[in-house]
Amino acid sequence: MSEVSVARTIDDYLKRLFPLQRSLTGRGNRETLTVLTELLPLTISEYPSGTQVYDWVVPDEWNIHDAWISDSNGTRLVDHKKNNLHVVGYSEPISENMTFEDLAPRLHYLPALPDAIPYRTSYYNKDWGFCVTAQQYEMLKQKQGLFQVVIDSEFLPDGSMSIGELYIEGNRREEYLVSTYICHPSMANDNLSGMLTTALLARSIIDRGTPEYSWRFVFVPETIGALAYLKQNEDIVENVKGGLVITCCGGPGRLGYKESYCGDHILDKSVRLAFRDSGIEPIYYPFAPSGSDERQYSSPGFRIPVVSICKDKYHDYREYHTSLDNLDFVTGEQISQSLDVYTRLQKILDNNRVYRSNYSKGEPNLGKRGLYPKMGGGNNQLGLGKISGESCYSDLDAINWLLFLADGENDLVTTAELSKLPFDMVEKIANRLYNHKMIDVV
Amino acid sequence: MSEVSVARTIDDYLKRLFPLQRSLTGRGNRETLTVLTELLPLTISEYPSGTQVYDWVVPDEWNIHDAWISDSNGTRLVDHKKNNLHVVGYSEPISENMTFEDLAPRLHYLPALPDAIPYRTSYYNKDWGFCVTAQQYEMLKQKQGLFQVVIDSEFLPDGSMSIGELYIEGNRREEYLVSTYICHPSMANDNLSGMLTTALLARSIIDRGTPEYSWRFVFVPETIGALAYLKQNEDIVENVKGGLVITCCGGPGRLGYKESYCGDHILDKSVRLAFRDSGIEPIYYPFAPSGSDERQYSSPGFRIPVVSICKDKYHDYREYHTSLDNLDFVTGEQISQSLDVYTRLQKILDNNRVYRSNYSKGEPNLGKRGLYPKMGGGNNQLGLGKISGESCYSDLDAINWLLFLADGENDLVTTAELSKLPFDMVEKIANRLYNHKMIDVV
Amino acid sequence: MSEVSVARTIDDYLKRLFPLQRSLTGRGNRETLTVLTELLPLTISEYPSGTQVYDWVVPDEWNIHDAWISDSNGTRLVDHKKNNLHVVGYSEPISENMTFEDLAPRLHYLPALPDAIPYRTSYYNKDWGFCVTAQQYEMLKQKQGLFQVVIDSEFLPDGSMSIGELYIEGNRREEYLVSTYICHPSMANDNLSGMLTTALLARSIIDRGTPEYSWRFVFVPETIGALAYLKQNEDIVENVKGGLVITCCGGPGRLGYKESYCGDHILDKSVRLAFRDSGIEPIYYPFAPSGSDERQYSSPGFRIPVVSICKDKYHDYREYHTSLDNLDFVTGEQISQSLDVYTRLQKILDNNRVYRSNYSKGEPNLGKRGLYPKMGGGNNQLGLGKISGESCYSDLDAINWLLFLADGENDLVTTAELSKLPFDMVEKIANRLYNHKMIDVV
């Protein structure tokens, strides 16, 4: 697909997925995963409510049919049909007539952002509530008489939590884990952007044929979903070299990168190369144990290093966790910028190899293999080039670096770092040397 | 005690201890240590003159009764009673009438600081001399006739060197060593300030009950005293995690920190935290083998890492080793500022612990333990806080960092460093998690 | 020799060696090495043409007797006798009359440097050609008629490649390897400067008596010469601690330093000390696998760390690989500046030692050995000195650092680095402590 058509595809999916009522569990999550199966061969697994997951329990499945606050005339003043953020996630059913005084403690609004509906949940504490704009709050406050307050929701103890899974088997059992979360309702950056980026990244791997490493994709409700998946698949952890948590990557701001807890893992080096080779200077976020599901994957019992590439990272934009995180804020074009960096990163990780030279004592004779200029001495022009400040990426530079580092220990990422040459070019030249039987893969 | 009353207490002791005739040995040292027993239960040990101490020998005990230079009329022109710096330390007895020409080579003065009496000693080379201001020197030079020159001192081969010792037994045999020197006569920063800071630091440990580590305090004459103590107590060295040498911490200048020879020892990390949490940016002194008794403790045969916190470090103030290092230069309030940092350092070292999570796979469920906000999603306010530049020390941040690092390897100092949260807060939250049985001490 | 006479000596040799026809092989190389035997007892070894050297073969010996382009009148328009750069190195013999159109593809010139003859070779691809100034090229282009084109060269399959070798046996079998290349014809910086610096460095070692380490000097044609020497002497590699490749060190520009592939090898530390102690801030060149014979010595199969000190490094000056790299560009005085740093470096490497204190518990008593001021307390003057910004290199500082670091692990280079004291001074004081039997060599 061209860049423009990728962006348009994303825009289409954004429109279809934005209105769905996602949460930890429920029909909206199943609908979301089903839409994504159009993009990749996702398996949808159900984890039964009540299942013990380490220190947690998979909650009852929650569904909501309708919810509103209406005035004494029956006019809906706040309506879940207009925006599913209006209802606190996991609200209990309620149907009562009540005064503003009784209702007020159940109303959540943001004085600092008067036209934004905040996003609120009460997953593990039985409760109910409405989220409204500050303007709506003032309007309700002015009204006389009783309000009709209805939340038509249900809890299913025999329900389940839905998780989307895809394992792309590579040449090696060693794998990378890519995780995104599906539990946020109508917000576009957090986390429709992450879900779509993840789906399209998986798609691009499949389209390019069998990868070198295996790649595992999971679409989970945050925290409990990631934990449930890990509990079910503990045996995979030993094969996981590292992970990507893809979230909040569709905003209008600068691209950013949150490092792994290691700081210098191959994931970190590769992200930095991906940005460098893209000519982008990202915002750097040092590791912190707050964040998304890296909290689970990198916890002491798993210690999977995880990086994230973001574009308007959670917490760091005004519209975060409100109704303003919508399709005015996020566009397919912006998401495709993040997708480009993720794709470049995925290629670097997958194509990273270690070589050993077959001519390790001194240099092999490049000239007799047609890899060296026939006429020697002429690199004074190169010198002049350097003096006048021109950059000079030459194949010969890449050859020199590759042969020098080909001691069976250094990988292509290290070669690209040290040589300052683009990873793509280093990899291309490595293939050429390999075809000349000058180096072998370790 | 309130800060004000601490400063007043120090001021009282400064006045009492300042005039005493301290040296390597002698009655002035015993009087000094005896005064300090009012503040802490110090044991005063006597190390006999003539004892071999590694490459050194404990010198004969030296006492001085009186000393002066008078004119032909018997008027005392230089009088040891007025300032004991007037006599070169360890001067031999003398009683002679002599001309200025004969006397001049025995007179020490500082042309660059005309109203200062310099501090001079001749411990290991039999000699005698007077220290005078440049003004006194000029005055003596003008005088005609013979001077009466008397030093009424004595050397006791059967005497001894006095050392103050205090061992505060903690829960662990591992210990920290705190050392200060008592051999300098009437100078306030060097080193009355160090002696009083040391005494009050010991007092504060005792007052807070049994510490975790054992804490050993020694009040020694510089070099020979530290060596004699080490020789006598060689078996303790294997338990010593590190040391503090407390000296020159009462001046009017900026607080400073001399690093250990390691540079990144737990002592160094803890000093940096103590300053950071105090909101103080200290002058940084890289390790150098010159200095005070770290020369002995950190020598190749012992290699005990030592740090020092100072306020007008030796060599680095104009009044150093002169009579101007007096009670105009040093105040109880200034010393109490150093004491505050030392106390914070001591608490960090003593409370530093390593934890292991009891829920290491993923996060434990904080909500069911009342450690997480009941209503989720609301951290967009946090986001707004961060955007507007407010710092936001939250308990939840501390919980996240502690649980993430609780792998049985990281300590609280590391947690406070990485999280940028105050050590006190990190420790308080660690105790809370421990009480919830979520983490255990390793 | 005085500095002036060293510079004059170099100038004399520059004049004699500049015109010789050097190449990979041939009589000019033998003549060059023979001249150098006046400076040092070099062994000239012959490596037969056709010898297999790893992935390479020693080429046929090449000699050239005469070469020219003349006009129809027999007037020589381009004449090898005037500058041996006029003929492409390793040109085949030719004798033909030809038009400008046929000749033109065989002419090499530099439009950007119209008065420079470029340097070109065709070692491993049978070819011939002339190098001319852009002005000569234009002049030839204007001429009508046929040109007589003659290259009177010969290839000797039974010839050989000449290499100069010198092994200076030290107290230890561990050695340093110093390599320079002799294959460049009439260019002064690249590499007459390197050959003469190497020869004089070897001379200075011999003149100072048996060195501590062994020092091996090789004068080789670049690449094939270095490889042939390594192939012949593979057993020495295990004793080689590191190497110097001496090239391009006689230009008018700033001194520079190319680091080893390790970056912090004893070679790198010593080069940095040599510059620091000389008061010179060099241009820093990070390691790159391009360059000179470090490409061979540091290759994966040998991994000998190599540093270079340069003055107008290859590629980095306008005159590089042209006839402008001549005796106007290079002077004996400039070469002697590089030689000074190389000599200082050599002394540091050779005198670097590890000590262990014989008095490791605490400090030894310096006073009783006459190493400490008799009168104590007087270092307030030192303090004043430091405050007013004067540097103060004292013997006592050196003594303190040496005794502190004398634990059998630290070397004099580390001591000079940490103490910021000159290596020479540290070494002198170490000898004094050794003579006092306070420290022993490990």
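The model is predicted. Chain B touches chain A through 29 of its residues, which meet 35 residues of chain A. Chain C touches chain B through 29 of its residues, which meet 35 residues of chain B. A search of the whole structure also finds 54 aromatic pairs over all chains.

- The size of an interface is often given as the accessible area lost when the parts come together.
- Between chain B and chain A, that buried area is about 2,800 Å². Carbon and sulfur atoms give 56% of it.
- Three residues stand out on the chain B side: Lys361(B), Glu363(B) and Phe404(B). They supply 26% of the area that chain B buries against chain A, more than any other three residues.
- Five salt bridges cross the interface of chain B and chain A.
- One salt bridge joins Asp55(A) to Lys368(B), with the closest N and O atoms 3.1 Å apart.
- There are 14 residue pairs in polar contact between chain B and chain A, counting pairs with both residues at pLDDT 80 or more.
- Three elements of chain B each supply at least two residues to the side that touches chain A: helix H10 (380–387), helix H11 (395–405) and strand S18 (407–411).
- H10(B) gives the most to this side, with six residues.
- By class, the side of chain B that touches chain A has 11 nonpolar, 12 polar and six charged residues.

- Chain C and chain B bury about 2,800 Å² between them. Of this, 56% is on carbon and sulfur atoms.
- Within chain C, the residues that lose the most area to chain B are Lys361(C), Glu363(C) and Phe404(C). Together they account for 26% of what that side buries.
- The salt-bridge count between chain C and chain B is five.
- Asp407(C) and Arg303(B) form a salt bridge through their side chains, at 2.9 Å from N to O.
- Polar contacts between chain C and chain B come to 14 residue pairs, with both residues at pLDDT 80 or more.
- Helix H10 (380–387), helix H11 (395–405) and strand S18 (407–411) of chain C each give two or more residues to the side that touches chain B.
- H10(C) gives the most to that side, with six residues.
- The side of chain C that touches chain B divides into 11 nonpolar, 12 polar and six charged residues.

**Aromatic pairs and a cluster**

- The search of the whole structure gives 54 aromatic pairs over all chains.
- Trp56(B) and Tyr124(B) have ring centres 5.6 Å apart and planes at 65°, so this pair is edge-to-face.
- Trp56(B) lies in strand S3 (residues 56–57) of chain B, while Tyr124(B) lies in the loop between strand S7 (107–108) and strand S8 (130–131) of chain B, so the pair ties together parts 68 residues apart in sequence.
- Trp56(B) has 7% relative accessibility, so it counts as buried. Tyr124(B) has 42%, so it counts as partly exposed.
- Tyr176(B) and Tyr213(B) have ring centres 5.4 Å apart and planes at 70°, so this pair is edge-to-face.
- Tyr176(B) sits in strand S11 (residues 175–181) of chain B. Tyr213(B) sits in the loop between helix H5 (188–207) and strand S12 (214–220) of chain B. The two are 37 residues apart, and the pair links distant parts of the chain.
- Tyr176(B) and Tyr213(B) are both buried.
- In chain A, one aromatic cluster is formed by Trp56(A), Trp62(A), Tyr90(A), Tyr123(A), Tyr124(A) and Phe155(A).

Key:
Residues numbered from 1 in each chain as written. Chains lettered and ligands numbered in written order. Heavy atoms only, no water. Contact = heavy atoms within 4.5 Å. Buried area = accessible area lost by both parts, 1.4 Å probe. Salt bridge = Lys/Arg side-chain N within 4 Å of Asp/Glu carboxyl O. Polar contact = N/O pair within 3.5 Å; in protein donor to acceptor, adjacent residues only side chain to side chain. Helix = DSSP H or I, 4+ residues; strand = E, 2+ residues; numbered from the N terminus. Nonpolar A, V, L, I, M, F, W, Y, C, P; charged D, E, K, R; others polar. Phe/Tyr/Trp six-rings, centres within 6.5 Å; stacked < 30°, edge-to-face > 60°. Buried < 20%, exposed > 50% of the residue type's maximum accessible area, 1.4 Å probe, protein only.
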